[in-house]
Amino acid sequence: MFAKYNPDPAEYKQHLISTLETRPDLIIDDGGDLVTILHAERPDLLEGVRGGAEETTTGILRLKSLEKEGALKFPMVAVNDAYCKYLFDNRYGTGQSVWDGINRTTNLVVAGKTVVVVGYGWCGKGVAMRAKGLGANVIVTEIDAIKAVEAYMDGFHVMPMREAAKLGDFFVTVTGNRDVISGEDFDVMKDGAILSNAGHFDVEVNKPDLMERSQSVRTVRRNIEEYQLKDGRKVYLLAEGRLVNLAAGDGHPAEIMDMTFALQALSLKHVNDEYQRIGNRVVNVPYHLDEQVAKYKLESLGISIDSLSAEQKSYLDSWAQH
């Protein structure tokens, strides 16, 4: 058996530990789970680990916290911060797969509805862009002023969560943080509002707060739980608040993931070759590897691009030419 669908938390953790007990030289992490277990619970398995690569925004935040505390024991490459990761996997992969999961689960029309996208990082941009393409009215909530301006300039309404909560028909959280939809948000939601998460762990929608306000919970369709609130309104949570594109869909298309997997493979080779020089730090994917993956992708698509002439290179390199 190579995988098991829907393990409970204890099984999931045991699978991670079993993986680490093979004593890998290099690791590919997704969300920082392997690294966290190695540092917090099983430091006896650290010996021999040369380094690894991290796939997600959430994982990189955890790694940088370890690095800041001086506790990181090996180098890690932040694959998520590479151009060929966030421009394509995060934006187009997440954007498409999230709506695939929501649409096949709910079988509802999106056109004309109000979609609230919580977080406007690269994943949030993709989710908002696809919602707009499906004909939705899109609201973005943010805590970052720059991203909020960007969302506004991209043509979306921007407002605080408490205001957006009153208007949304669909909610998609894409932050990597906890409790971004919680308590008072549920108090003002429309009857029939649909909640989903595309960030990381199942903590973005505060389920204890939702349960506290509910008089009953029932499964009305696969991957749809109906929470009947004490005032009679009904709110629907998709995939138990877990990643809706994975738990209720097929995840990213292979045509997007190929670039990410290539980055991971090249990053592992980079760490294996350079781990002593890099030290116990979080580092970016070297630009030449990022560019190499893009060139491979273009070649696979049969697309050619231009290159600079010697004269053009000289012009760009000189401050004196006009």
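In this predicted model, the protein splits into two domains: domain 1 takes in residues 9-81 together with 264-303, while domain 2 runs over 85-248. The centres of domain 1 and domain 2, taken over C-alpha atoms, sit 29 Å apart. Where the two domains meet, 11 residues of domain 1 are in contact with seven residues of domain 2.

How much area is buried between domain 1 and domain 2? The figure comes to about 680 Å², with carbon and sulfur atoms giving 50% of it. On the domain 1 side, E55, T58 and N80 supply 50% of the area buried against domain 2, more than any other three residues. As for specific pairings across the boundary, the count of salt bridges between domain 1 and domain 2 is zero, and three residue pairs are in polar contact. Helix α3 (residues 57-68) gives the largest share of the side of domain 1 that touches domain 2, namely three residues. Sorted by type, the residues on that side of domain 1 are one nonpolar, five polar and five charged.

Salt bridges do turn up elsewhere, and the count for the model comes to 22. In general, side chains of opposite charge can pair when their charged atoms come close. One of the pairs is D250 with R104, whose side chains meet at 3.1 Å, N to O. D250 belongs to the loop between α10 and α11 (254-278) and R104 to helix α4, so this bridge ties together parts that are 146 residues apart in sequence. The two partners have their own levels of exposure: D250 is exposed, at a relative accessible area of 61%, and R104 is partly exposed, at 43%.

Another pair joins two helices. K125 forms a salt bridge with E150, and the closest N and O atoms are 3.1 Å apart. Since K125 is part of helix α5 (residues 122-133) and E150 part of helix α6, the bridge ties together parts that are 25 residues apart in sequence. Is K125 buried or exposed? With a relative accessibility of 12%, K125 counts as buried, whereas E150 is partly exposed, with a relative accessible area of 29%.

R178 and D179 make a further salt bridge, this one with its closest N and O atoms 3.0 Å apart. Here D179 counts as partly exposed at 28% relative accessibility, and R178 counts as exposed at 53%. Some charged residues go beyond simple pairs: D202, K207, E240 and R242 are linked in a network of salt bridges.

Helix α6, the one that holds E150, has some details of its own at either end. At the start of α6 (residues 145-153), a side-chain oxygen of D144 comes to within 2.9 Å of the backbone nitrogen of I146. Just after the helix, G155 takes a positive phi of about 100 degrees.

Backbone angles also draw attention to a couple of loops. Most residues other than glycine have a negative phi. N107 is not a glycine, yet has a positive phi of about 55 degrees. This residue, N107, sits in the loop between α4 (83-106) and β4 (114-118), and N107 is exposed, with a relative accessible area of 60%. E240, a member of the salt-bridge network described above, also has a positive phi, of about 60 degrees, although it is not a glycine. The loop that holds E240 lies between β11 (234-238) and α10 (244-247). At 38% relative accessibility, E240 counts as partly exposed.

H39 lies in helix α2 (residues 33-40) and counts as buried, at 18% relative accessibility. Which backbone oxygen does the side chain of H39 reach? The answer is that of V35, at 2.8 Å. In an α-helix there are 3.6 residues a turn, so residues three or four places apart point the same way. Setting aside neighbours within four places in sequence, H39 is in contact with L46, L66, A71, L72, K73 and F74.

Conventions. Residues numbered from 1 in each chain as written. Predicted model: local features only at pLDDT ≥ 70, side-chain atom pairs only at ≥ 80, totals over all residues. Heavy atoms only, no water. Domains from an automatic or database assignment. Contact = heavy atoms within 4.5 Å. Buried area = accessible area lost by both parts, 1.4 Å probe. Salt bridge = Lys/Arg side-chain N within 4 Å of Asp/Glu carboxyl O. Polar contact = N/O pair within 3.5 Å; in protein donor to acceptor, adjacent residues only side chain to side chain. Helix = DSSP H or I, 4+ residues; strand = E, 2+ residues; numbered from the N terminus. Nonpolar A, V, L, I, M, F, W, Y, C, P; charged D, E, K, R; others polar. Buried < 20%, exposed > 50% of the residue type's maximum accessible area, 1.4 Å probe, protein only.
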